[in-house]
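Reader: I would be grateful for a close look at a single part of this model, with its setting in the chain described as well.

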Amino acid sequence: MGIAAIVLVGVLVPFTAIAAAHSAAAAAATPLSPAVSTDATGATGATGSSGATGSTGSTGSSGATGSTGVTAPAAANPSLSSNWAGYAVGGPRGVARHFKHVTGSWVQPAVTCTAGSLTYSAFWVGIGGLSQTSQALEQAGTEADCDANGVAHYSAWYELVPSAPVRVRLTIAAGDSVTASVSVSGSYTTVRLIDHTSGASISKRLHFAHPDTTSAEWIAEAPSVCTSNGCRALALTNFGSMVFTGASVTTASGRTGPIIDTHWSAQPIMLKEIARGAPGAGTFFGQRTLVTAVPSVLAGTGSSFVVTWGQQAGSSSGAPGRVFPGSGH
């Protein structure tokens, strides 16, 4: 069947056992990456002893320089997804929360492209879409894709799922500082994107009769292609690492806070997909190369974190995670 649309969809492990405060969960678990370590100074060699004739002993050798650790340890106990990486917030267990505004900022990553390899990536903030029964998601963000010639293409968009994404006339370049926000008021959703580097911005107020307001997200995503047979995540572009900052959300009752606010529950999400065309991909069992995108622990006031792209060897057995609804082109 022909391609119906490219959207962000993915499947996550159920949104359960969420810590009321992410910082407590992160402190109790062993991070997936080591914390920053300071280079150790090598020990000074012993001074040579004076000989009988009064000759000077040999100078001691300098010790080896220590290695630098990873700057952002990975978040503990992330849920797994085929296409989302980042953070989502929702109501604590058994408590409903509704959100009316979400915002976040990032620097558009300069992606690495390889000739002959089509890859895709999107970075966004949104409201809704986290629940496995959700039928809607309101989001806005940027994209970084690689074409078959190994050339990177950057763009900006918004999407009101289940409608298709809409590309907007906002020129985005690698290195641009971007802020995105989504607001919901009744049956209207307002999306806004600001490119602080160029000074350009767009804002659209859109009629959306049945928005989902039960969650909010800050996500790096592998867009998905959908046909009549279902959806699958596309190959994720190597974006290196990118940092979300100024992540904030406001509830329908008017409370505003960062991701870590104890008024809601924060859940880290790790993307894990089987890389197409990797060595061994033609076999049903055995090792394949996996592409991952891993969120770090929350930093500062709980309003910033890093998402890091990577590759690792992994078993081909088992599903990598849940496919979420989302955006893509």
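Reader: What share of the contacts in the chain with a separation of 6 or more comes from residues 24 or more positions apart? Please then turn to the disulfide and describe the link of C113 and C146 closely.

Author: Residues 24 or more positions apart supply 71% of the contacts in the chain with a separation of 6 or more, a contact being heavy atoms within 4.5 Å.

Some conventions come before the details. This is a predicted model, in which local features need pLDDT of at least 70 and side-chain atom pairs count only at pLDDT 80 or more, while totals for chains, interfaces and linings use all residues. Residues are numbered from 1 along each chain as its sequence is written, and side-chain values use heavy atoms, with hydrogens and water left out.

The average pLDDT (the predictor's confidence in each residue, from 0 to 100) is 79 for the chain, and 71% of the residues score at least 70. Over residues 8–70 the pLDDT is below 50, although this stretch has 125 contacts in the model beyond near neighbours in sequence. Where pLDDT is low, the predicted coordinates should not be read in detail.

Now to the part requested. Taking a disulfide as a pair of cysteine sulfur atoms within 2.5 Å, the count comes to one. It is formed by C113 and C146, whose sulfur atoms are 1.9 Å apart. The link of C113 and C146 is left-handed, with -70° about the S-S bond. The pair joins distant parts of the chain, 33 residues apart: C113 lies in the loop between β4 (99–107) and β5 (122–128), whereas C146 belongs to strand β6 (residues 137–146). Strands here are DSSP runs (E, at least two residues), as helices are (H or I, at least four), numbered from the N terminus. C146 counts as buried because its relative accessible area is 3%, the classes being buried under 20%, exposed over 50% and partly exposed in between (1.4 Å probe, protein chains only).

As for the setting, the chain has one helix and 19 strands, and buried residues make up 47% of its 329 residues. A nonpolar core is a set of buried Ala, Val, Leu, Ile, Met, Phe, Trp, Tyr and Cys residues joined through side-chain atoms within 4.5 Å. The largest one has 50 residues, and V89 and W218 are among those with the most contacts inside it. Not counting residues up to four places away in sequence, V89 touches several residues, including F99, W218, I259 and W264. Apart from that core lies another of 11 residues, among them A88, V161, I269 and F324.
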